[in-house]
Structure formats: C-alpha cells, structure tokens
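The sequence and structure come first.

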Amino acid sequence: MDKVLMKGNEAIAEAAIRAGCRHFFGYPITPQTEISAYMARRMPKIGGTFLQAESEVAAINMVYGAAGAGVRAMTSSSSPGISLKSEGISYIAGADLPCVIVNIVRAGPGLGGIQPAQSDYFQAVKGGGHGDYRMIVVAPSSIQEIVDSTFLAFDLADKYRMPVMLMGDGMLGQMMEPVAFPDTTGVKLPEKEWATTGTKKMRKPNIINSLYIQPDELEALIKNRWKKYIEIEQNEVRFEAEGTEDAEIILVAYGATARIVKAAIKKARENGIKAGLIRPITLWPFPSDVISAAAKKVKAILCVEMSMGQMVEDVRLSAAGACPVHFYGRTGGVVPIPADVYDEIRRYV
Amino acid sequence: MAIVFQKPKALSDVPLHYCPGCTHGIVHRLVAEVIDELGIEGSTIGVAPVGCAVFAYNYFNCDMQEAAHGRAPAVATGIKRANPENIVFTYQGDGDLAAIGTAETVHAAARGENITIIFINNAIYGMTGGQMAPTTLVGQVTQTSPYGRKVEAQGYPIRMSEMLSTLEGPSYIKRCSVDSIKNINDTKRAIKKAFQNQIDKKGFSLVEVLSTCPTNWGLSPVEALDWLRENMIPHYPLGTYKDIDAEQKA
Amino acid sequence: MAKVKFNENACKGCELCTVVCPKKIVVMAKDRLNQKGFHPAQVIEMEKCIGCAFCATICPDVVITVEK
C-alpha cells in the first residue's frame, strides 16, 4: 500500500468517502473546517453530496434525514458546534439511526479557544444530549489511526444502528502524517430495509421516529436498546497497552496526549522507573477491565488529559480503590510537555 | 351509483387525534388526495416535526420521518439529497416553521431545495395548550399573551409567504385557507401544484394554509372558521406570492 | 339520486358539515351519542342530497363517503 502525506482533517474526509459516505453536511468552525473544504472539493466529483448547512443544528438534522433514508451520512464540528448538535444526536440515538459525527475538540467552555483540548469527554461519553442513550466514541491518536477509525466508525454505526463519534483534537486535525488507505474494492455497504426510501407500494411504510407517548412502550424500547449497549461493552472495547506487564506505575491517556505520555514513559524507563501506558481507543465502551486489573498490580495510576480531569473519573471507577489514581492535566488549549509528565510520574513512584 | 368522494388511499386508517373541528384533518386529506392523484405514494416520504401534527407519521401511507422541532426542512433536505428521485414533503405548524425553525425554513428556501412544505398557520401553539406563536395576531389573547399580544413587548406577527417570496430559490409559494369549500378546493390545487413542481424538479415549493384551532382559540369549530375569515385573512392575504411558471409566461 | 354515508363513530360532532350543505339536510343527531360520546352528524332527507360532497370536503375526519 502506497502512503500519502495527509492532514488529519482531510484524512477523515477521504477515509469517509472511501468508506462509502456520499452525504456530508458541515459547518465552518476552527479547527475542523478543512473537513468541509475537502468534502466540498471531492463530493461533486464522485456524485456525492456536500452541503454547508445554515447551522450545526441544521447539519445534524440533515444527517438524521439522510441516515433515515439509508445512506452513510456524516457531519463534523468542534466543541461548541457539537453542543449545538446534541439534541439531534439524542434524536438519532432515539430513532436508532447509524451515522458518524466528528468532533475535533477545541478548548472550552463557551467560545473558549481554538487550540487542542480533550475537555469534551463528558459531553461525548456521558451523553451530551437528553435521555438514556450511549454513543460509541472512538479516539485515534495518529493520522493513520484516524483513517482506520473512520472506517471503524461507519462499520460500527451500521452494525449497531447508532451514532458513532470520532473524537480528535485540534492537534490531530491539523497534523500531517503519512497514511495508507485500506483497499475497499468489492466492499458492499449493508442493506437497510428499515430506511425511508419509498414503499414503492410493495411494503408497509417505514417510520423513523423517537416519539413514544406510552411510557411502558418507550421503556421497553430503551431496555431493548440497552441490550445492544451491553453487547458493545462486551465486544467493542479497544485500547493499547504498552509496558504494563512490569509496570509499577501506569499512565492512562488517549488521543494526542497519549503520544506525549509515551515520550515521558520512555524517559522514565531510561531513569529506572517502570512506567506503562494504557491508551483507551474507544472512550465508550470504556476499557475498564484492563484498568481494574492493572490497578491491582501497580503502586499508582496517573491519568493525563488536556482538561481539568474528566476521563479520570472513569479511571477511578475502574480502579475501584485498588490503587491511588492521580491526575495531571493542562487545559485551555495548553498542550502538556513530556518533561512535565515525567516530573508527575516521579512524584508517585 | 359510483363513489364520488371517499377516504384517499394515501391516508391511513388510523383515526386522527386532532380536536373536533380542527382543520388539520382537512389538510391531511388534501395532501393524501394529491399523493393519490399524482400516483406517488410509493416514492413519497413525509416529515412530521413536533407540533399537533407530529403524529402525522401515523396518518400517511407512505414512509415518514418524525423530526425535531423546527428541523423538518433540514431533515427533508437530508432525505432528498440521499435519494433525489423520492418526493419529500414536510408538514409543519407555525411555531415549528416560523419560530424555532425559521433558519431551516429560510435556508431551504434560499437553496431552492426541491422539497414541498405544507405550512399550517393557526396563529397559536396547539399541542402545548395555546401559547403565542410568531403568527399570533396583535391583540390576540393566548396563554403567553394573556392580555392580548402587545407590539411593544412581543412585536409583530410574521408573514412567512411574503418574506420567503423575496428569495430566488422558491419556485412556488401560495397562501390558502380551509375556511370554506371554495378555499379548500383552492388549497388542494395549490398543494397539487407544489408537489408537481417538485416532480418537475423546479425547486422549493411551499403552501401556507390558514387553519383553525378551536380548542385554543376558545371557539366552537364553526365560530373558529368565522374568526379566521374576519381576523386572519385580513392580516394574511390569500394568494400566490411566487410562481416561476407565471413569471416565465409574463 | 345521490347518497352520503356517515362513519358515525368517527364523527367528533364538530358540525362543520352542517353549515356548508347547500340543501341544509345535514344535521346533528341529538337523539344519540356515538362511541366517542359525540352527537354524530347525519342526513335526514337523503332524497334531497345532490351529491355535491361539500359536507365530505370540509369534514376533518373523513367521516363521510358520497355516492352519485
């Protein structure tokens, strides 16, 4: 496979197209606007649809309509825009529609900043929208992994008929690295007989809906959907573990932060400290088992995020008191540096 | 003897939940009659956003999508762009189209999105029990304008058909009413032309239908028709506000 | 001769049909209630019906079928 140097945002767009996405609805917001710009160039050439909507709210609802009509649809935005989409995401989950939503996270809250951050973890994983629902959240940490995660996101969305979020950050979106795209010749997209494509007067009408006025009917539907979520928690957890077998301290970090932590771990190892990394790739379903197992063996866990500490709560839940779970974070768009992470490691060993 | 009038096939057998005398039911039937007459039941997809007519997804015999409040034109855009050969319509109330969904309405129109919007203007929020709508008339009493709509506090009602007709995108915009047999038949002709425009790919079409809300207007269904004639039609003049066919001929 | 049929239990007693009938033969049946508890609309002098379907046109609940 030949490699091509690509910016993160554009790699997402190209991967989506190669994964069969022909309908993208976007809206400008730094640091992910290149996704829309790329789609604007490519989609018309391949008979696809790129539409810059009037708002992120409209865009997510265009995705709702297109996904309900059976096509692979995607939208992308950054933090404030994702907040605007949260109602739509809840509707998409409530109507069991498959789609991919990209969040290239920037510093918040409010207008915040445009530099990278990870302060949308709660919004993504704990459900930014209303009601009982979950959303698969995939957090790549390299441009190649961004490409692979985009394919994965579309496949999981269709497999489980639900929204899947691809979560990057301003750094990953703007970084360039060589990537290779998987060969997709002969890959057929799944049939969607539930979609609203027109009855052709040959079947009963399909209805895409999340409104259920009868409480017991709605509860039954939600409980049924929960079986799917439990299955996902059992089968779809993805993470990377490095140097954890002999580790006395394990760091937990995801996305771009995990690469900075790897540099700090390398320095620690060079100085005789046995440090390891657990890098969640799926933020939901969260890799709690591997963390709870590790917590029983190590002196401490250090969670590092570009936020004031959000994933650390799930790490603490997973560790369940088996070892102390510390946190080190920078936020506001400040990116931690390996030396600072290394200093933190030394505090706890 | 032959049947000259019966329930259209595109209207399902599910009894309508609307209040007695609510003219939503008439417009539902007109849309279904048009779908039957144009033979498009198999390729039509309707979008029912939040409002009294959200349950329309149970009332039409074609594929339907329920949409978030105000977002039907965006949902319809997604459906249309996914399968452009499908006929896509939205059925929206005045709160949905002219308040929370104003941006979606204006931009679908500005894009000339090839969809058909049925816009029910009854100057009130019905489903939630009679609150002021963007089309509530000055002085009209509602639950949230209990002393009558005051301009200095709540501004003016919006004439959507006129506003949207200033855009190049729409191919057809007409305001009708279902207060009389003549006007009901005229409404049906307008709905049929709007759907035909979509079939002929002429772009965005919208039919605004002045409609009653007896329950929340606090009137009997028959009185409500009179109230509509005496109060709404003067403020919302009936007529065609955009018709690219007429423009081309002129 | 024309004829109208009322699906009586679908009627919500809104009376709209009674005001548009040109022959004034559509009236509310004050003597009974339908399943919904409304006085249903009915035609009393069917022979006067001209099959114009005005009643059916304004009915919001598709209660009326017209034959001619």
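## Domains of chain A

In this predicted model, the C-alpha centres of domain 1 of chain A and domain 2 of chain A lie 27 Å apart. Domain 1 covers 4-198 + 223-235 and domain 2 covers 240-347; such bounds come from an automatic or database domain assignment. To the contact between them, domain 1 of chain A brings 31 residues and domain 2 of chain A brings 24 residues, where contact means heavy atoms within 4.5 Å.

Residues are numbered from 1 along each chain as its sequence is written, and chains are lettered from A and ligands numbered from 1 in the order in which they are written. Local features need pLDDT of at least 70 and side-chain atom pairs count only at pLDDT 80 or more, while totals for chains, interfaces and linings use all residues; side-chain values use heavy atoms, with hydrogens and water left out.

## The interface between the domains

The size of an interface is often given as the accessible area lost when the parts come together. Here that buried area (accessible area, 1.4 Å probe, lost by two parts on being put together, summed over both) is about 2,400 Å² between domain 1 of chain A and domain 2 of chain A, and carbon and sulfur atoms give 57% of it. On the side of domain 1 of chain A, 30% of the area buried against domain 2 of chain A is supplied by A:Gln118, A:Tyr121 and A:Phe122, more than any other three residues.

Between these domains there are 3 salt bridges, each a side-chain nitrogen of Lys or Arg within 4 Å of a carboxyl oxygen of Asp or Glu. There are also 16 residue pairs in polar contact, both residues at pLDDT 80 or more. A polar contact is a pair of N or O atoms within 3.5 Å; within protein, one must be able to donate a hydrogen and the other to accept it, and residues adjacent in sequence count only if both atoms are side-chain atoms.

## Contacts between chains

Of the 2 pairs of chains that touch, chains A and B have the most contacts. Chain A and chain C have no contact, and their closest C-alpha atoms lie 21 Å apart.

Between chain B and chain C the buried area is about 2,000 Å², 72% of it from carbon and sulfur atoms. B:Met1, B:Phe5 and B:Ile181 lose the most area in chain B to chain C, together 33% of what that side buries. This interface has 0 salt bridges and 8 residue pairs in polar contact, both at pLDDT 80 or more. At least two residues of the side of chain B that touches chain C come from each of β1 (3-5), α1 (24-38), α7 (181-199) and α9 (221-235) of chain B. Helices (H or I, at least four residues) and strands (E, at least two) are DSSP runs, numbered from the N terminus.

## B:Thr90

B:Thr90 sits in strand β4 (residues 87-93) of chain B. Its relative accessible area is 0%, so B:Thr90 is buried; buried means under 20%, exposed over 50% and partly exposed in between (1.4 Å probe, protein chains only). Beyond its neighbours within four places in sequence, B:Thr90 contacts residues including B:Val47, B:Ala72, B:Pro73 and B:Ile117.

## Cysteines

Over all chains there are 0 disulfides, a disulfide being a pair of cysteine sulfur atoms within 2.5 Å. The closest cysteine sulfur to that of A:Cys99 is in A:Cys21, 10 Å away and too far for a bond. A:Cys99 is buried at 1% relative accessibility.

For C:Cys11, the closest cysteine sulfur is in C:Cys17 at 6.3 Å, too far for a bond. C:Cys11 is buried, with a relative accessible area of 7%.
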